[in-house]
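Let's take a walk through a protein with the structure open beside us.

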2 protein chains.
Amino acid sequence: MIRLDGKTVAEHVKQRLLPRIEHFKSKIGRSPHLVVVLVGDDPASQVYVKNKQLACEKLGMKSTLLRKPANLSQADLEKLISELNTDDAVDGVLVQMPLPSHLKSDKIFELLDPSKDADGFSYFSTGLLWAGKATVKPCTPAGVIEILKYYKIPLKGKNVVVVGRSHIVGKPVAALLLDENATVTVVHSHTVNMQEYTQNADVVVVAAGKPHLLGKNDFKKDAVVIDVGIHGTGKGNLHGDVRFEELEGWVSAATPVPGGVGPMTIAMLLQNTVSLAEKRKF
Amino acid sequence: MIRLDGKTVAEHVKQRLLPRIEHFKSKIGRSPHLVVVLVGDDPASQVYVKNKQLACEKLGMKSTLLRKPANLSQADLEKLISELNTDDAVDGVLVQMPLPSHLKSDKIFELLDPSKDADGFSYFSTGLLWAGKATVKPCTPAGVIEILKYYKIPLKGKNVVVVGRSHIVGKPVAALLLDENATVTVVHSHTVNMQEYTQNADVVVVAAGKPHLLGKNDFKKDAVVIDVGIHGTGKGNLHGDVRFEELEGWVSAATPVPGGVGPMTIAMLLQNTVSLAEKRKF
């Protein structure tokens, strides 16, 4: 079984960005600039945001963290988005989710200028994605495709099953897999006999959000398994939606958790920011 | 075999609109108003546009046809869209496709205000569709769902296969089927062994655009078949992507061509226009 190593692929993506960042700098006179908006003080969000900033800095990109109090008003959040939309010194904007419950994330997806949508979650960006015309693709789904391509796993005409239909992963990864000419099935919590689908698949992308949901018996011999799940055990360990330890000697390749899809998300965010920066007119 | 009669369902949809149209009229003092833009003089487009107008008038809605010459410039088309976007007397706008080849339809999907997008094809509308938040849904896919619901064909948890992945039908009908909690597979020209998918499906939505592509052997006993294809024979006859005449005694229900999905498209356009009119702030 090949262990699909997200760290290696993420590093490859980042290295590929370096000359683009240098070119942008020499042309425009500054680094591509990502602004991250963090509302409130959710501890997990703080870690995510910090990792995103560190990754930017490591590549010589600029990142700015805008911290706002948990009681920020909807009007002030919208005003902030409008200001960032028109700020020439900002190339990409990411509003860290989840927002405090009194704030409407819908409104962000509506207001954020698609030309600055580093996460690719605005409605307009989603429309472009399904039309096959996206400049930026949602980070985690794009990372899944990047891993599959890095390891030269064929997708064209293949039976690919996506487990889960979230707006963050399941649906957009289905769009990207169709773009790769895969035959795509989306199964989910209402699916009857999920195993019948996964057992026939050449590639299974698991984004169910349920720890240890699938194991060896759910996959056919020599299948490729991509595990998007990430769950804490409370003891500092992480595991995915798949019982990885069962797969050795059965499937042909799989992503571990941690170290699989996880590291890709930030790499794709950096790539999106650079792509948006390059597309801007100065 | 139940013959799924699109004329009956379309009539049902239209009747359901009548009180909404009356209510809008009495509240706002005018009828919901659809503007159809027709560029050039493609004969098929002229027929489609005329049918849309007649259907509007029959229900007491207002329709305006804006005919533009085939050599209309991109700038003038964009100016026209901007004017319609801000015209308070216009509730829905439809730009008849295909446009002459020198014009960019992409730009329409970008510029047309989603609050007036009667066809539901703008990028923003597509994004809302995939987020499950659409006010208007693309007409033909919405018509497919309407037929399935009218005939109380269960979708939740069912194995539904969509043949074709166009932006007009395949992809949006997949989104709507996921919203109905179906398990959805999209097969297409690159799919290997398409029959293995269609033969296992409870419901098959065929939108391949290839005359007579599928027949009895492609469906399991008692499947439900929805044929979105429509092809002229040159002798005035129409037929679909499915060999309908083979299905009797095998599948449980199917749409004929003509008289199946076809009549639904205009009914859903009228519904979209009324929905957009109702959502406007006067």
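Two strands pair if DSSP finds at least two bridges between them. Strands (E, at least two residues) and helices (H or I, at least four) are DSSP runs, numbered from the N terminus. Before we use those terms, some housekeeping: this is a predicted model, where local features need pLDDT of at least 70 and side-chain atom pairs count only at pLDDT 80 or more, while totals for chains, interfaces and linings use all residues. Residues are numbered from 1 along each chain as its sequence is written, and chains are lettered from A and ligands numbered from 1 in the order in which they are written.

**Where the chains meet**

Start with strand S6 (residues 183–187) of chain A, which runs antiparallel to S6(B) and is joined to it by 3 bridges. Which residue of S6(B) is the bridge partner of A:Thr185? That would be B:Thr185.

The contact between the chains (C-beta atoms, placed from the backbone, within 7 Å) takes 24 residues from chain A and 24 residues from chain B. On the chain B side, helix H5 (123–130), helix H7 (170–179) and strand S6 (183–187) are the elements that give two or more residues. H5(B) gives the most, with 7 residues. By type, the chain B side divides into 10 nonpolar, 11 polar and 3 charged residues. Here Ala, Val, Leu, Ile, Met, Phe, Trp, Tyr, Cys and Pro count as nonpolar, Asp, Glu, Lys and Arg as charged, and the others, Gly among them, as polar.

Now look at how some strands of chain B line up.

| Strand | Partner strand | Bridges |
|---|---|---|
| S2(B), residues 33–39 | S3(B), residues 62–68 | 7 bridges |
| S5(B), residues 159–163 | S7(B), residues 203–206 | 4 bridges |
| S7(B), residues 203–206 | S8(B), residues 224–227 | 4 bridges |

Together with helix H2 (residues 43–58) of chain B, S2(B) and S3(B) make a right-handed β-α-β unit. Right-handed means that, with the strands pointing away from you, the path from the first strand over the helix to the second runs clockwise.

**Buried or exposed?**

A residue is buried if 20 or more other C-beta atoms lie within 10 Å of its own, exposed if 12 or fewer, and partly exposed in between, with C-beta atoms placed from the backbone. In a regular strand the side chains alternate between the two faces of the sheet. In S7(B), both faces are covered: B:Val203 and B:Val205 are buried on one side, B:Val204 and B:Val206 on the other.

Zoom in on B:Val205, which stands opposite B:Val162. Its contacts beyond four places in sequence include B:Val144, B:Val173 and B:Ile226. As for B:Val206, its bridge partner in S8(B) is B:Asp227.

Over in chain A, helix H7 (residues 170–179) is mostly covered, with 9 of its 10 residues buried. Among them are A:Gly170, A:Lys171 and A:Leu178. After H7(A) comes A:Asn181, with a positive phi near 70°.

Why does B:Arg16 count as exposed? Because B:Arg16 has 12 C-beta neighbours inside 10 Å. You'll find B:Arg16 in helix H1 (residues 6–28) of chain B. Its C-alpha atom is separated by 13 Å from that of B:Tyr150, 134 residues apart along the chain.

Note on methods. Contact = placed C-beta atoms within 7 Å.
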